[in-house]
Structure formats: structure tokens, C-alpha cells
Amino acid sequence: HGCSVPSQQVYILISSSLPESIIAAACARSGQRVLHVDSRNYYGGNWASFSFSGLLSWIKENQQNTDIKDESEDWRKLILENEEVISLNKKDKTIQHVEAFCFGDQDAAEDVEEAGALARVPAAGTSVAEEVAEEAEKECSPLESSVPGAENWESEKASSTDPASAEEGNITEINSENESSHNTASGESALELGKPEATLSEVSAQEPKKITYSQIVREGRRFNIDLVSKLLYSRGLLIELLIKSNVSRYAEFKNATRILAFREGKVEQVPCSRADVFNSRQLAMVEKRMLMKFLTFCLEYEQHPDEYQGNYKNSTFAQFLKTRKLTPSLQHFILHSIAMVSENDCNTLEGLQATRKFLQCLGRYGNTPFLFPLYGQGEIPQCFCRMCAVFGGIYCLRHSVQCLVVDKESGRCKAVVDHFGQRISASYFIVEDSYLSESVCVNVCYRQLSRAVLITDQSVLKTDSEQQVSILTVPPVDLGQPAVCVIELCSSTMTCMKDTYLVHLTCPSTKTAREDLEPVVQKLFSLNAETEKETEGEELEKPRVLWAVYFNMRDSSGIDRNSYSGLPSNVYVCSGPDSALGNDCAVKQAETIFQEMFPTEEFCPAPPNPEDIIYDEDEITAEETGFNNSPETKPESSLQESSSRGSTEEALGRS
């Protein structure tokens, strides 16, 4: 790591979080010289995923409060008289109140090593890319099939297909045969369905297998644990960007199989698609008609402004629902599981927009509006980093930057000085908020996220299929408290070992993460290893928590640029993860910054087809003499996609 990097760049990006990775890919794709550095030894920043041992190392590092001091001040000799410096943080201070607990049997786990683990490096974690590559070499286990997709809101328009749709796009999804056959018929061209051998899920035993802590440690490489919990809306900005830029070829996705609700102390499944509504046993026929009528209205609410404006313009969405002749259970489903909005803070228009977004995303890739990337959310930043590297971007992990060098006369940033004492010049600089010093952020007011990650032995709602990807919103107990978003992942998402589930809980912070989230954990799960043996009834049904970690993460989204003190005009700041379920904030931020730097350039266009590339004479000669070692590449198919938003509204309008 003592090697120097080219001292002249056009763009320098500090941190490999999702917004910076997207910007890096966009800049490299437009032909710019890009240097992408990160002081961490893994990609993704607070968007990263870890194996279990990697997460334990991350926890240990974030529980230590020691500051990293400069070993040498020699780099200051590189600063000229007409220049000043803006120092950058050496230690990430975005994570607080980290508390980890083991509830499973700790059977001499101290002497157990992670199977297949390399010699440990004293650092925060391991690269997910390395883990995935080695895991794939060792074993390719068949993926268990997910719940078959049901008929969706757009089914009545399914017959109008684009003939080329089977070849278009490149988002690979692991899904069931029913979903894939439906998908081909629906004309959604952006999905290339992975067709692994679908092995039938084993029938759930009456009693779950007993998982010990040493087993979790031994199988630690089976885990890919996200620091931030997100899902991808099937018509969200990130999916559209993945398709448009063809970055989707670097990742695979699994459809979230069910939407759950927590009501009256019980977890139940929410009917989403048309088929779900009419097959639901928990809804009376009158309720089914009420729900269909209201959801149809939400899809075309803009055509009926008099129904939601006027008296309801300043009311909350929850108050508006009470006027729509909906039963309390339907109001609960719509508010917390479909719109997924706050009961107190969301107005009528925002609620209608959120409901319509949910409905428009239904049926594109499966029975719910959401996709999850196999191997975790941390794969997404890496996908964009790969694209950047393909187009010539230079990457340096474990490469910290001491300071930004600013010209006093012009007020613009000229260069950075790295921890090797090398001065690297560039025209533009993109920095993650966490790297900025306290003096720059003195006027910034941050929010916090409360996060919890659990390893459990059962699903929160057991069904015949073990392989479920579920999303559940738990309403607040007290008014003014935030709702908690729960995402439960099964082993076929490649994020946890067999016979376990990985559960993520997220909410905006009011206290420490444990204080915010432990009451919800206690409602849904059993924390006592002996509870099942001692009690009957309700406790017996609860999944058991084997291991848990709580932490608070800084939410730096939505901060006005003017809040930062003394920031040069050619230095752009990217935020960390926000509290929203989707990734729209990161994509909007990346595109806005890119367009400010390149007003006339297209943002992340598709790469050229290999057969369209014009080689120079040297490359042609190398090919003819047989010295070109690059593998044959098949031409990429068109990324144009037939939209069916209109058909969604028409289909519902006729129902």
C-alpha cells in the first residue's frame, strides 16, 4: 500500500458509499479520470455488508473511543504560502451506542474459527467481494424457491407484450417458476430471471433446530449482514439506474415475498395483489370491495382533486382514511403496510402518493413491490465501483486523506494530501459527510437512525415455505413515536446460514437504538433461551433471538450545503444512508451532483455494445497475433423497456 497514485486527476472521491460510487461510475463512464479512495478496508462505508466475523470486528472498532492521531506532520511542508488546508476526520464518528448480545448457547465458542476464513487482518472488516468470490468457488448450493407470484394489479394488460422483451434488460432475479412465467407475459423487459434448480423447501419441523453460538461463528461466512437495511422499489430510481447503466449485470435479486402487518399483538399477512385480496380469509367480502375501490382511487387520485383537497388538504392521511368508509383493519393495512407512512406526520397528499407508488411497483417482478439484492445491500455500491473500474477508475482502500488544499485567492480546492504525504491535484472533489471535521460541520444538525440486527431461529410468521423475504411495519405504541420497519431475510438471500433468519429493524432515533427497538424485539421474539420449555401458548410461537446488535447511525441526508462552513465551491458533500425504505435519496443526490459538474452529459448511459467499439491499430494487431487474452463478449441486448404504468391504472379502473 506504499505505492503512489497518479498525481493529476479530474475527480477525487473520498468514501465508497452508495452516492459516491454512483458518481464515480457516472464520471468514469463519461471519460473522466477518477480516483476513488476510502480509509476503510472495505467498500460501501455505512452501506457495507459483513460476514459475521467481519461484523464482530466492526463492532469492536466502533466500541473503541480512541482517536487516531497524526504520526507525522511532514505533509504540511507540501502546503504553499498562498494555500490553506481543511483537515479531514481520521476516525468515523457516525456510529454510536453499539451494544451486542448473545442469547444462544455459548458452547466454548471462543476456540471456534470461521470455516474457510483467511488469516485475520487487524481492521474493521472484510471485503464482501472477496467473501462472495471465495464462497462461490467453495460451494454453489441450489437456491430454494420463493413463494409463487400471484396475479397482480396489471394482469389484465399482461397479454400486450413487446416481442423483444425476453432479451431486453439485465436485472437477474432468483424467483419462482410461476413468477417468471408471469413476468415474461407481462412485458416487463428489464428482468432476466435466474433459473437455478428450484429445490422444494423442507417442511418446517414442529420444533426449530437448536442453533448454538459456535455454529454461527463457524458458519460466519454464510452471513452478509447489512449496516443499513433497504429494499429496492421495482420502479424506484435505483432499479431504473441499474437497468439504464447495465450495472444490473453485476448483481442478482430476490423478490420480497410478502408484506406483513402487526395488529392487536399478532403478525398477519397483508393482501397486496388482486388475487391476494380476493383469496384473503382475513377480509370479509365487503372489506375486499372497500379495499379494491380505495386502491383504485389511489392510482388515479389526481383525476379527482375535489375528493382529497378542500377539507382534507391540511389533515393527516390517517384522518383522511377514516372518512373513506374503511374498516379499522383496512385503515391499519393501508397506513402501515401499503403507504408505510407516519400516522401523525404524513398529510393526505403524501399518503396518496406513497400508496400509488406501492401499487405501481406491484407485479413488475413479482407479488410485492420490492426486490432485495442477493448477498446484501452492500453489493450495490460495489456494482457501481466495478463499472467505474471498467472505465478506468483507480481504487485505493485503506487510503486515508489528511486534508483538502484550498487556494486562498480563488477559494477553490486544488488538491488533497494523503497519508503517505503525496499531493494529488484534481478539479473536483466529492467527500462523504463523515470525513468532514467538526469545524466545518459546526452549524450542521444531524438526525440519527436506530438500528438492530437479529439472528433468529424461526420466521415471525411461519408458513409451509421457509424461504420468505418479509417486510413488516410495527406501529408506535405511543403517539409521537416513530414506527419501526422490520425486514426479515431467509437463507436463500445469501445473508444468513441455513435454519436461521436475519432480521433488520430500523426507525428514526428518539433515544439509543436499544431503548428505541428493544420493546419491539420483545413483542415479536423470545429473548430467553429457556422460554419455550417453560411456557405454553403465545411465547411458544415466538421465534427465538440467538444473537443481536443495536447501534445508532448518523442520518446526514437532507442537509443544506450552506450549513457547512468554509466549503470550497468545487467540493461536493454526499450524505450517509437516510431513514427511507428505498434508495431514491442516494440516486437523486448522485445525479444532482453529476449534473452540476456536467450539465450537458448524460447520467450513467449504457455502456457500448462490444461490436460497436472501434479498436485502434495496435489492439487489432494484438488480436490478429493471438495476444489478446480478453474473453469473447456477446453483444449486449437493448435496454429499452416497455412501460406498463398506464396499463396498471386501466386494469384497476375496470375492476
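**Close-up views of a predicted model**

Asp-457 is buried, as its relative accessible area is 7% (buried means under 20%, exposed over 50% and partly exposed in between, using a 1.4 Å probe and protein chains only). The structure is a predicted model, in which local features need pLDDT of at least 70 and side-chain atom pairs need 80 or more, while totals for chains, interfaces and linings use all residues. Residues are numbered from 1 along each chain as its sequence is written, and side-chain values use heavy atoms, leaving out hydrogens and water.

**View 1. Asp-457 pairs with Arg-544.** Look for the two side chains meeting in a salt bridge, 4.0 Å from N to O (a side-chain nitrogen of Lys or Arg within 4 Å of a carboxyl oxygen of Asp or Glu). The partners come from distant parts of the chain, 87 residues apart: Asp-457 sits in the loop between strand 19 and strand 20 (470-474), and Arg-544 in the loop between helix 16 (538-541) and strand 23. Helices (H or I, at least four residues) and strands (E, at least two) are DSSP runs, numbered from the N terminus. Arg-544 counts as buried because its relative accessibility is 5%.

**View 2. Arg-40 and Glu-432 form a salt bridge.** Their closest N and O atoms are 3.5 Å apart. Arg-40 belongs to the loop between strand 2 (34-37) and strand 3 (49-50), and Glu-432 to strand 18 (residues 428-432), so this pair ties together parts that lie 392 residues apart in sequence.

**View 3. Asp-555 meets Arg-447 in a salt bridge.** The N-to-O distance here is 3.5 Å. Because Asp-555 lies in strand 23 (residues 545-555) and Arg-447 in strand 19, the pair ties together parts 108 residues apart in sequence. Asp-555 has 3% relative accessibility and so counts as buried, whereas Arg-447, at 45%, is partly exposed. How many salt bridges does a search of the whole structure find? The search finds 19.

**View 4. Ten named residues of helix 8 are buried: Glu-287, Lys-288, Leu-291, Met-292, Phe-294, Leu-295, Thr-296, Phe-297, Cys-298 and Leu-299.** With 15 residues (285-299) at 1.5 Å a residue, helix 8 should span 21 Å (1.5 Å times one less than the number of residues). Its end C-alpha atoms are 22 Å apart, which agrees.

**View 5. The largest pocket holds about 1,400 Å³ of space.** A pocket is an open set of points on a 1 Å grid over the protein atoms alone, with protein on both sides within 12 Å along at least five of seven lines; lining residues have an atom within 4 Å of a point. Its lining has 50 residues, and Met-340, Val-341, Ser-579, Ala-580 and Leu-581 lie nearest the centre. Which helix gives the most to this lining? Helix 12 does, with six residues. Other elements supplying at least two residues each include helix 11 (328-338), strand 19 (447-456) and helix 17 (584-597).

**View 6. The largest cavity has a volume of about 60 Å³.** A cavity is a set of grid points where a 1.4 Å probe fits but cannot get out, and a volume is the space filled by probe spheres set on points joined across faces, edges and corners. Among the residues lining the largest cavity are Asn-46, Thr-94, Arg-554 and Gly-576.
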